[in-house]
Amino acid sequence: MSTSANQPSGKRTAEPRPSLLRTLLRPRNIAIAVIGLFVLIQLVPVWAFQNNPPVLDEPAWDSPQTRALAVRACFDCHSNETVWPWYSKVAPVSWLVTRHVTEGREKMNFSEWSKVRERDEAGDESAEQIQRGKMPTKDFLLIHPEAKLTPEETQQLINGLRASLR
Ligand code: HEC
C-alpha cells in the first residue's frame, strides 16, 4: 500500500509509508481510542459520592403542597432523597450530576435542616434564586421537564418557601 497517490498534488511531503500520526488517526483507531477512553473514565469512583444519607430533619413546611413543589423542583440537589437515574451513573454525566448534588446539599439541605447555616435567610434567598430563573438550574430542567413549574406553581413555591424556611 502506497500513500503517495493520495498526497495532495503540488505538496511534496514525501512520505514513503503512512506516518505514525496518520496510522493513529485512522477512523477505526480513533473509534477504538474514544471507546477505550469512555470505558476508562467509568472507573473514576464518583459513585462513591452518589449516596442518600438518612433524612434527619426537614423544615417546618407550611403545607404539604409546598413540600411537593420543592420535591419536584429542588429535592434532587437539595435533599438526601436524590433520585439517581441510570444516566447519572455514566461518566462524564455522573461527574456533573454528582458535583451539583454535593454542592447543592452543601448550600442548603432540606433533609438536614437544622444543620443549615443562615436558615432564616434561606426563604428570601430561595425566592430570589427562583425569581431570577437560577433555580432549578437550566441543565436540570432540560432532562427533568416534570420539574418545570407553571407561573402559578412558581409563585406558590416562593410563598411557601418564604413561610417554611426559617
Ligand atoms: C440540578 C441541581 C439543583 C436543583 C434542582 C436546584 N438547585 Fe439550588 N443549587 C444547586 C447548586 C449546585 C448550588 C450551589 C452553586 C450555586 O450557587 O450556583 C445551589 C445553590 C442554591 C442556593 C444558594 C445560592 C447561593 O448563592 O448561596 C439556593 C437558595 C438554592 N440553590 C435554592 C434552590 C431551590 C429553591 C430550588 C428548587 C426550586 C433549587 N435550588 C434547585 C443545585 C440545584
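Biologist: Hi! In which hand does α6 pass α8?
Modeller: Hello! In this predicted model, the crossing of α6 past α8 is right-handed.

Biologist: Nice. Which residues make that contact?
Modeller: From α6, the contact uses G123, D124, S126, A127, I130 and Q131, while α8 brings in T154, L157, I158, L161 and R162.

Biologist: At roughly what angle do the two axes cross?
Modeller: Roughly 165°, and the axes of α6 and α8 come within 8 Å. Helix α8 covers residues 151-164.

Biologist: So are they roughly parallel or roughly antiparallel?
Modeller: Roughly antiparallel, because angles over 145 degrees count that way.

Biologist: Switching to the ligand: how many residues surround it?
Modeller: There are 18 residues around the ligand, and the closest are C74, C77, G104, M135 and F140.

Biologist: Which elements give two or more residues to that shell?
Modeller: Those are α4 (75-78), α5 (93-107) and α6 (119-131).

Biologist: How does the shell split by class?
Modeller: Around the ligand you have 8 nonpolar, 6 polar and 4 charged residues.

Biologist: Last topic, domains. What does the assignment give?
Modeller: The domain assignment has domain 1 at 13-41 and domain 2 at 46-164.

Biologist: And how far apart do their centres lie?
Modeller: The C-alpha centres of domain 1 and domain 2 are 44 Å apart.

Note on methods: Residues are numbered from 1 along each chain as its sequence is written. This is a predicted model: local features need pLDDT of at least 70, side-chain atom pairs count only at pLDDT 80 or more; totals for chains, interfaces and linings use all residues. A residue is near a molecule or strand if its C-beta atom, placed from the backbone, lies within 6 Å of it. Helices (H or I, at least four residues) and strands (E, at least two) are DSSP runs, numbered from the N terminus. Ala, Val, Leu, Ile, Met, Phe, Trp, Tyr, Cys and Pro count as nonpolar, Asp, Glu, Lys and Arg as charged, and the others, Gly among them, as polar. Axes are lines fitted to C-alpha atoms, for helices over the stretch in contact, and angles run from 0 to 180 degrees between N-to-C directions. Angles under 35 degrees count as roughly parallel, over 145 as roughly antiparallel, 65 to 115 as roughly perpendicular and the rest as oblique. A crossing is left-handed if the near helix is turned anticlockwise from the far one by less than a right angle, and right-handed if clockwise. Two residues are in contact if their C-beta atoms, placed from the backbone, lie within 7 Å. Domain bounds come from an automatic or database domain assignment.
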